[in-house]
Structures are given as structure tokens and as C-alpha cells.
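Have the viewer open, try each task yourself, and then read on.

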Amino acid sequence: MMKREIPLLITFLTGLLMVVQFFVPHRPIGQIGTGVLSWYTIIAGFTLLLGIDSLVGMHLKKLQRKQSGWGYSIMLILGLLLALGLGIFSEIKYGSALAFGSPFMYLYTYMMVPLQATMFSLLAFFIASAAYRAFRARTLEASLLLVAAMIVMLGRVPLGAAIWGKFPILAEWIMTVPNAAATRGILIGVALGGLAMSLRILLGIERTYLS
Amino acid sequence: MTGDGETRKRRVDQGLRRVLLVFAWLALLASTSSAALAPPENIKAFDTPNDAGGSNTITWKASPDDSLLLGYSVKRSAKPEGPFEEAGVVLKGQEEYRDGELKDGQKYFYRVDARIIGDSASSAVAGPAVPSAQWFNLGRVNILAFIMLFAGVVLWYIARAKKGAKLFIRRIAGLDAVEEAVGRSTEMGRPLMFIPGLLSIDDVTTLAALTILGRVARKAAEYDTPVLVPCTDPLVMTTAQEIVKQSYSEAGRPDAYREGNISYLTYDQFGYAAGCDGMMLREKPGAVFLQGYFYAESLILAETGHSIGAIQIAGTTAVDQLPFFVTACDYTLIGEEMYAASSYLTREPIMLGTLKGEDLIKLLIVLALTVGVVLETFGKHWIQALFQ
Amino acid sequence: MNWTLIGIWIGALLTLCIYSFLYKDNPFYKFAEHVYVGISAGYLLAQDYWVQLRPNLFLPLWNDYAQGQVHFGFIPAHWYLFIPGILGLLVFTIFIPKVSWMFRYTLAFTVGVFSGLAITAELSARVLPQIGGTLRPLLELQNGHISPWGTFCNLFLVVGVLATLIYFFFSKEHKGFIGAGAKLGVWYLMVAFGAAFGYTVMARISLLIGRMQFLLGDWLHLMR
Amino acid sequence: MNWLAKLEKIDRRWIFLGVALVVAAPLLLGLKTSVDITPPVKNTYETIDRLPPGSVVMVSIDYDASTMPENQPMLLAVLRHAFQKNLKIILMGHWPLGLPVGTLGLDQVAREMHKTYGVDYVNLGFRPGTAAVMVNLGTEIRNVFPSDYKGVPLDSLEMVKNVHNYNDIRLLVGIEAGDTYEFWIIYVQARFGLKMAMGTTAVMAPTAYKYLQSGQLVGLIGGLKGAAEYESLVNHPGIGLSGMPAQSAGHLLIILFIILGNIGYFLSRRKKA
């Protein structure tokens with residue numbers, strides 16, 4: 001009862017309230033939606049500690065047992081402590097961790113930014129290797145994928161227009177007609193699926209998350 | 001420094017628009033001796049419908065000189081004779097302004113000025129408009145009706161399914177591969193990896209992914225193959241731990257469950273991708289499930305997964321990322337298929353009932369689109385009106 | 001000490017460590033990966049208190065007491081913030097096996113809120129606008145004359161939306177009319193995926209150009 | 001024939017190497033391609049070109065590191081042009097993480113062109129509140145920024161002594177990666193009539209175009225291509241122009257690999273048959 005029925009009831013009631021507030025603009029009901037979203041940031045603020053506990057716990061265990069790669073675990077924990085320490089220091093001293101000239105900002109600019117940008121830029125390589133491997137005219141479907149990709153690629157660079165002046169126009173047409181059509185179809189389907197899923201959750205039919 | 005007159009002169013010289021304005025002025029001055037700029041017309045001020053109160057809406061018909069303007073200034077006063085103060089500014093071409101932070105029940109009067117540099121033309125005064133709050137948003141009746149219809153259809157099919165009606169569901173390619181993927185991993189003595197996407201429990205896609213995780217973990221427990229689940233959200237991590245634990249005990253192997261296999265990495269998008277990639281390279285999973293909502297990291301994960309020779313089964317509702325999963329993975333559950341998969345895997349009649357209901361609604365949408373487009377072509381907007 | 005120069009060196013070395021992964025897994029990548037995960041988690045933890053908990057929870061409650069905005073002498077004006085506060089604390093029950101089920105209350109609340117919001121959001125933001133956007137006259141007029149090409153495009157678009165929707169029918173075998181529709185739907189999907197893939201290439205290469213500029217220009221000063 | 005069939009299974013590391021080379025080579029060799037100058041970029045250029053020396057131009061940094069590859073070349077090109085024409089620059093921004101990126105660019109160009117801080121350019125920094133900041137700058141810059149990004153009071157800086165609000169500024173150039181530019185148009189262009197030109201990412205350019213058509217923007221620089229055009233106008237080739245051949249070469253290489261893969265596939269299939 002306490003472990004299963006009450007959580008299901010909480011889900012049902014909060015969900016219903018969220019649906020109702022969508023239709024009732026009058027105070028205080030219409031304002032619940034936005035209010036609850038800031039509640040979620042509070043809850044998420046607490047749950048983050050669970051995540052950090054899991055991450056640090058796992059690497060401390062590795063260290064204790066001297067599992068292979070424990071040296072990297074030290075790096076991870078040091079990195080975490082460094083960012084945390086500089087973050088708190090800058091917050092207190094400069095009023096914001098991201099204040100200009102704060103040591104945290106330095107860490108952000110010269111470590112976080114290059115790491116993020118470099119991981120992101122790996123996509124330039126992977127988009128090439130994925131294209132090489134997957135775009136083979138094996139079947140009719142695969143050929144369509146291949147041809148559409150080639151036309152759009154050629155339409156995006158001056159070189160394509162130099163080969164055949166109509167490439168940019170054709171690429172534009174593929175993006176605005178067949179691409180838009182399929183995207184709409186997918187989106188309507190996704191929305192209906194999401195709607196049904198939400199409904200199943202509210203009604204307690206789908207309860208895997210409470211196992 | 002330059003005086004104001006010189007400033008204006010220089011600006012006029014520079015922009016074509018200003019030149020046009022000068023011509024317009026000259027033309028107007030030549031024809032009439034006074035009035036230069038035409039004010040907006042047909043001003044209406046009224047309580048904003050379907051809101052929580054505290055706001056009025058003002059509409060007007062654009063000034064004939066609209067193209068020459070900087071914009072419109074909406075002015076408000078408690079009395080029709082003024083004094084008026086500025087409530088807000090909108091760009092030219094616009095014909096509506098919503099004035100907020102007012103007192104409910106109080107009368108307000110409005111005037112709209114067409115503005116150019118150094119001049120403006122005031123409209124007639126409209127009002128009074130009295131802001132108030134509404135109890136029901138009439139603009140959303142169609143959405144309420146749609147929810148009722150949808151819920152009704154789904155519940156009806158669920159009821160039918162409970163009574164034992166046979167419901168057919170077509171096969172979904174990616175799903176049949178789940179068993180194969182788990183089996184192959186086991187043969188190779190490698191673990192499974194399940195990546196539940198970048199969003200938290202706040203997205204239904206993640207919940208669908210977790211349902212799929214439950215089924216995958218159940219199969220894995222039967223085969224005694226570990227499941228690694230790196231997470232980017234702590235709530236997803238904790239929920240995944242519970243789900244996998246449950247699946248193991250359902251399979252009669254609660255002792256084989258390892259909580260450490262379901263771990264938190266980081267919330268940072270590419271930090272998470274870096275961590276997942278590292279895990280793939282070192283643990284060498286035989287199968288990788290990429291199920292959930294993904295952003296640009298989708299291809300980083302999928303290409304790395306491919307490079308270690310894992311069978312990859314992806315599924316996402318993120319339309320932008322589907323092309324990358326389709327090209328790089330062995331199987332991809334496309335959009336709604338992913339939701340369908342979570343129902344399909346349970347094989348419970350109730351779940352299949354909701355799928356049947358969804359299909360009926362889809363059929364209605366197909367019909368509405370077909371008939372609606374024909375009607376639109378003949379200038380009738382009956383069906384379009386339902387979707388406004 | 002020239003901190004900027006040191007920073008550029010750190011950034012460049014980390015960049016190379018990540019790129020080394022393209023060849024194969026190696027200690028340099030492992031190092032950068034662990035440092036990245038650590039720093040980003042630490043960054044989030046530092047922000048957690050100042051950006052999430054303090055302004056949304058602690059500060060409003062603290063101000064209520066400090067400014068005497070309390071009912072009955074002890075209930076603060078923002079009393080309702082205790083609800084998410086308690087729900088947030090409940091997540092820690094997972095560390096206590098006996099009461100670990102209390103974590104579910106937080107989960108149930110979160111899932112309820114967002115499923116409820118999703119129901120209306122899917123409809124108002126997705127289903128209705130997508131359908132409304134498709135409902136357009138087929139005939140495309142240009143200067144009062146029917147444009148055959150424009151009309152063809154409109155028809156092509158509507159047929160595509162319908163065919164894609166038919167592909168997503170689950171309760172009918174894909175045979176006969178449904179089968180033909182679904183097949184057409186797959187073709188549309190493939191063209192769409194191919195096109196979107198090709199369209200993205202440019203943005204991805206831009207990212208690499210950006211990194212190259214950092215390495216070859218800012219770091220090595222090799223760029224002409 | 002045998003080696004042709006191998007084309008079907010090229011190790012992906014060769015592909016990676018190829019991508020790295022074709023992107024790096026144009027940058028290293030300083031390859032220059034000519035780009036067609038489109039009217040939106042030309043208008044931006046001419047607007048700045050016609051400003052009398054000493055006019056103040058405000059530059060708003062409304063992007064951060066994630067779109068730096070596209071936005072930074074625009075900033076550099078525009079700053080170079082403005083300094084060439086002896087215009088004065090006020091830099092500010094609405095993105096909390098944009099300031100370091102903008103400062104980097106400004107300092108670099110200023111050093112190159114021997115400009116003096118406080119005389120030729122001033123960096124105000126960042127204040128939160130987007131629309132409120134924009135509107136307040138219309139009355140008095142000091143209401144929002146009593147001092148520059150390092151805390152130096154504005155009145156002690158020669159260049160901004162007599163600069164108080166938008167009346168003293170001739171042009172705003174926004175370098176944009178989000179919807180901040182629409183705030184600039186709504187709150188400043190419409191209210192104060194300040195002239196504006198925007199540099200946006202390629203993805204945003206089509207949306208921003210409508211403001212150009214309506215005359216609310218005098219110019220628009222879109223994506224790396226736009227930056228390349230501006231670089232060629234100021235005759236100072238940079239990452240934008242050398243990025244163009246890199247872009248084309250990257251696309252071409254990927255297409256080439258796709259074709260090779262298909263040749264290999266057909267040959268090996270024929271062999272099997």
C-alpha cells in the first residue's frame with residue numbers, strides 16, 4: 001500500500017492537476033505549472049548528490065582495490081575537487097563562479113571549453129566514417145538515403161553549384177518538401193505515442209518505473 | 001560633439017529608408033499643409049481573453065505609412081482625456097499589443113502612436129478596457145476534446161483487451177533483434193550496455209527507454225550477462241537500478257545483480273559522451289542499446305559502438321538524431337516505434353490495447369488530413385478550424 | 001607568469017589527448033576523459049548550491065524569516081517550498097534499506113508532473129500545429145494563375161505526411177493498401193534522413209575548422 | 001581488381017586522416033578562394049565604411065564558445081574594418097559566457113592594429129537582464145555600466161567621456177548565436193532608431209533575413225560564408241576565407257569516400273556472382 005498504491009495515487013493526482021491547470025487560467029491554478037517547474041529544480045538539486053555519490057564511490061572503490069586504471073580514478077577525483085574548490089572560491093570572492101577573471105572562469109575557458117569543443121568536433125570525423133560505411137546502394141531504400149545525402153551535400157558547397165547549377169535548388173527542394181513531409185509524419189506519431197505513454201503512466205497501467 | 005539636428009541629417013543621408021521618408025514628407029507637405037504622418041486606425045482595447053487577469057489587449061489597423069515607421073508606441077491612461085503614458089513599443093507591421101501588470105477591475109484607456117524619428121501621429125482613444133481573470137480557457141476547447149477522444153478510445157480498447165479480444169500487432173524489426181543481441185553477447189562472454197539518453201525522468205521518452213531497459217535486463221538476467229547502464233541523470237540512475245534489480249529477481253537471480261554496473265557519469269553532454277566511449281572501449285560490450293532522447297552526441301556514441309563490433313539497437317524520438325542512428329546502427333526504432341516497443345515487449349493485452357487506440361486516432365488524423373486538404377483547396381476551412 | 005599562454009597550452013594538450021582516441025584507446029585519451037568527467041561533475045556540484053538550491057529554496061525561506069514575513073509566527077510566506085524540499089530530501093532514503101521505498105514518492109511526483117504536462121504539451125505544441133500546418137490548399141496560385149509546379153509540391157508534401165503516418169500503423173499487417181502506403185512512407189523517411197544527414201555535414205566540419213584554428217593558429221602560430 | 005574490391009572496407013582511420021588533412025591543409029597553406037559577395041554582407045560593409053572617423057560603434061557579443069568557429073571570424077573581420085576606418089569600439093554582451101570570447105577577439109585585433117585601450121576601444125563587459133539592459137542603455141550607459149569590465153570608472157576613460165546613450169552611437173553590430181538579436185531590434189531599433197547590423201550563425205540566417213527585408217537591419221553576415229565575404233571585403237583573409245576551401249574539400253572528400261565504397265561494393269558483388 002505505502003510502497004505501491006500511494007506512489008501511483010501521487011502520480012495520478014499530480015498529473016491530473018497539471019492537465020487541469022492547462023485549461024484554467026485563473027489564479028492560483030493557472031500558475032501551478034510554472035511554479036512546479038521551479039520545484040523540480042529544487043528536487044534535482046538534491047538528487048545531484050546521489051549522482052556524485054555514485055561517481056565518487058565507484059572510483060574510490062577502484063582506488064581501494066587497486067583495480068586496473070586506478071590512476072585515472074585519482075585524476076577524476078582531483079578534477080572534481082579542483083572544479084568544486086575553484087567554483088566555491090570564485091562564488092564567494094567574485095560573487096559568481098563565471099565572473100570575468102575568476103580562477104573558475106580560467107578553468108572553464110582553458111579546460112572545459114576545449115574539451116567540450118573537441119568532443120563535439122569528433123563528429124566531423126564520425127559523420128565521414130558513418131557516411132562511407134552506410135551509404136551503399138544495397139537496396140532501393142539505402143539508395144534513396146545515399147542519393148538524397150549526396151544531392152544535399154553538393155547543394156551546400158560552391159563546388160556543387162559549379163558542377164551543376166541546379167544542385168542548390170534541388171537540395172533546397174528536398175529539404176522543404178520530402179524532408180518536411182516525413183518530419184511532420186514522425187512528429188505526429190511521436191506526439192501520439194508520448195500522449196498514450198503519459199496516459200498509461202497517469203492511469204497506473206505503465207508502472208515499470210516503480211519496480 | 002554633434003548636435004541633434006546634425007545627427008538627424010547625417011542619418012537621413014545614409015539610409016535609403018530615410019531618403020524615402022524625406023520624399024514621403026515632401027510629397028505630403030506639398031499636398032497638405034499640415035498632417036504628415038497617418039496614425040493607425042480602428043483601435044480596439046479589451047480584456048485579454050483566457051488569461052489569469054491583469055492584462056488588456058490592444059489591436060489596431062496599421063498606419064498607411066507603416067513601411068516608413070520605426071514602430072508603434074502604445075499609450076495607456078486611466079482617463080480618456082489623459083495624461084497618457086507609454087505602455088510599450090512594438091515593431092512596425094504589428095497590429096497587436098498585450099499590456100500586462102494591470103489591476104483587475106480597473107478601467108484603462110489606450111491610444112496608439114505611429115512613430116518615426118522626431119515625429120509621431122496619435123490614433124483615436126479606445127476603451128475603457130477592464131482586465132479580469134477567466135476560469136476556463138475557451139481557446140483550448142479543441143485540445144480538451146481531443147484528450148477526451150483519445151482517452152476514450154484508448155480506454156475502450158483496454159477494456160476490450162481485458163475481456164480477451166485478440167489484438168494483432170505487426171512486427172517491429174529492432175525488437176526481434178533484442179533477443180539475438182543478448183544471446184550473442186552471452187556467447188561472446190561480453191556484457192550489454194544500455195545508454196538511456198540525455199534527458200531525465202521529466203521526459204516521457206526516458207520512461208519508455210526505462211521500460212525497454214526492464215525487458216532487456218530480464219533477458220540478460222536469464223542469460224546471466226551483466227548490463228552496464230551509464231547515466232547522465234541521478235534520478236534516471238536510481239530508477240534504472242531499481243528496475244534492473246527487479247528484473248533480476250523476477251528472473252530468479254537476485255544475487256547476480258550488481259548495483260555498480262548502473263552508474264552516474266556527468267550531466268555535461270560531451271563529458272557523458274567521452275565517458276560512455278571510454279566505457280565501450282574498455283568493457284567491450286557485445287550489444288549496445290541507445291534508447292532515449294539524444295542530441296548531437298548520438299553519432300559519437302553510435303560510431304564508437306560500431307568500432308568495437310557491437311550489435312547496436314537504437315531508438316529515439318529526437319527527429320534530428322534519427323538520420324545518424326539509422327546510418328550507424330544495426331536497428332533503429334523510429335520515433336513512435338520506440339513507444340510501441342515499450343508496450344510490445346510486455347505483451348500484456350492492456351498495453352497492446354493502447355497501441356490499437358493510437359492507431360485508430362492516427363486513422364482519424366489521416367482522414368481529417370485528406371478531407372481537410374480537399375476542403376482547403378475549395379476554400380472551406382471547417383477542418384482547419386478544429387486545429388487552431 | 002603568462003596565464004593565457006599556459007591556458008592555451010593546457011587546452012591544446014587536452015585537445016590532442018581527445019583526438020588521439022581516433023587512432024585507438026590510449027592512456028592520453030583515458031587521462032583526458034577522466035579529467036573531463038571529473039571537472040564537469042565538480043563544476044555542476046559547485047553550481048548546484050548557488051544556481052539551483054540557494055535562489056530557489058534557501059534564499060526565499062531565509063528572507064521570509066529575516067524580514068518577518070511569517071504566518072502564526074513560524075510558517076513562512078513561501079511555506080509551499082517545503083514540499084519540494086522534503087521531496088528532495090526523500091531521495092536520500094535509498095541509503096537506508098528499511099525506508100528506501102520512500103524514494104518512490106519523489107519519483108512518483110516528478111513522473112506525475114511531467115506526464116501530465118506532456119499530455120497537453122504534445123497536443124498543443126506538436127499534434128495540432130503539425131496537422132494545421134499540413135492543411136493548406138493544394139492549388140498554388142501565382143499572379144492569379146495556377147502554378148503546376150507549386151501545386152505538385154503541395155500534393156507531394158501531403159502525400160508524404162500521410163504515407164509516413166501509415167508507416168506508423170502497428171495494428172495492421174503491412175499488406176495491400178496499407179502495405180503500399182507504408183512502403184511509400186519508408187521511401188520518404190529514407191530521403192528525409194539522407195537529406196538531413198547531408199545538411200548537417202557543413203556544421204560539423206565548421207566545428208573541426210574551429211579546433212584546427214585553435215591548434216594551428218592560437219597554439220602553434222602556423223596559420224598564414 | 002583485387003585492390004579495388006578492398007575499397008569496400010577501408011579502415012576508418014584512413015578516413016579520419018583524410019578529413020583532418022583536407023581541413024588542415026587550406027588553413028596551413030593559407031589557401032584563398034574568391035567568394036561572391038552577397039548584398040546583405042556588402043550593405044554591412046558599406047554602412048561601416050561610410051561612418052565618419054571617430055564615430056562610435058557598439059559591438060554586442062551574444063554568443064559563447066560553442067559557436068565560436070562561426071561567430072569569431074565575423075567579429076574579427078568587423079573589428080578590423082572598424083579600426084581601419086578609425087572608428088571607436090564599445091564592446092559589451094548579453095551572454096554570461098560570451099565575454100571571454102569577445103575580449104579575446106577584441107584584444108587580438110587591437111594589438112594587431114596598435115590601438116589603445118580607453119582611447120580607441122572600451123570593453124564594458126556583461127550585465128544580466130538582456131532587455132532591461134538594452135532599454136537602460138538608451139538613457140545613460142553609466143546606469144548599467146558605471147565601470148568597464150575591469151572595474152575602471154567610465155568617466156576616467158577618454159573615449160567614452162562624452163558617450164551617454166544611443167544618441168552618441170552610430171551603429172550597433174550584434175554577433176549572434178541565439179534570439180538576443182530580436183531583443184535588440186524590438187527594444188532598441190524600434191524605440192531608439194539605432195542602426196543595426198547582425199552577424200548570425202548559418203542556421204539562424206534565414207530567420208534573421210526577414211528583418212533585413214523590412215529594413216530593420218541594415219546588414220546581415222550569415223555563417224562562415226558571410227564571415228569569408230567580409231574578410232575578402234576588408235582584404236584581410238582569415239579563418240572564414242580559408243574555411244571555405246576546407247568546407248568544400250571536406251564535403252568533396254566525404255562524397256569521394258562514398259563513391260569509392262560503392263565501387264568496392266559493386267565489384268565484390270560481381271565477383272561473388
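**Exercise 1: where chains A and D meet**

Task: find how many residues of chain A are in contact with chain D, and which elements of chain A provide them.

Solution. Start with the count: 22 residues of chain A are in contact with 23 residues of chain D, where contact asks for C-beta atoms, placed from the backbone, within 7 Å. Next, assign the chain A side to elements: α4 (103–134), α5 (140–156) and α6 (158–163) of chain A each give two or more residues. Helices here are DSSP runs of H or I with at least four residues, strands are runs of E with at least two, and both are numbered from the N terminus. With 10 residues, α4(A) gives the most. Finally, sort this side by residue type: 18 are nonpolar, 2 polar and 2 charged. Nonpolar covers Ala, Val, Leu, Ile, Met, Phe, Trp, Tyr, Cys and Pro, charged covers Asp, Glu, Lys and Arg, and the others, Gly among them, are polar.

Before going on, a note on conventions. This is a predicted model, in which local features need pLDDT of at least 70 and side-chain atom pairs count only at pLDDT 80 or more, while totals for chains, interfaces and linings use all residues. Residues are numbered from 1 along each chain as its sequence is written, and chains are lettered from A and ligands numbered from 1 in the order in which they are written.

**Exercise 2: the form of chain A**

Task: decide whether chain A is spread out or a compact globule.

Solution. First, list the elements: chain A has 7 helices and 0 strands. Along its principal axes, the C-alpha trace of chain A spans about 65 × 50 × 40 Å.

**Exercise 3: confidence in chain C**

Task: locate the lowest and highest confidence in chain C.

Solution. Begin with the whole chain: its mean pLDDT (the predictor's confidence in each residue, from 0 to 100) is 90, and 99% of its residues reach 70 or more. Now go by element: strand β3 (residues 141–142) of chain C is lowest, at a mean of 79, and helix α1 (residues 3–19) of chain C is highest, at 95. For the model, the scores are ipTM 0.89 and pTM 0.88.

Note on methods. Contact = placed C-beta atoms within 7 Å. Rg over C-alpha atoms; globule rule 2.2 N^0.38 Å.
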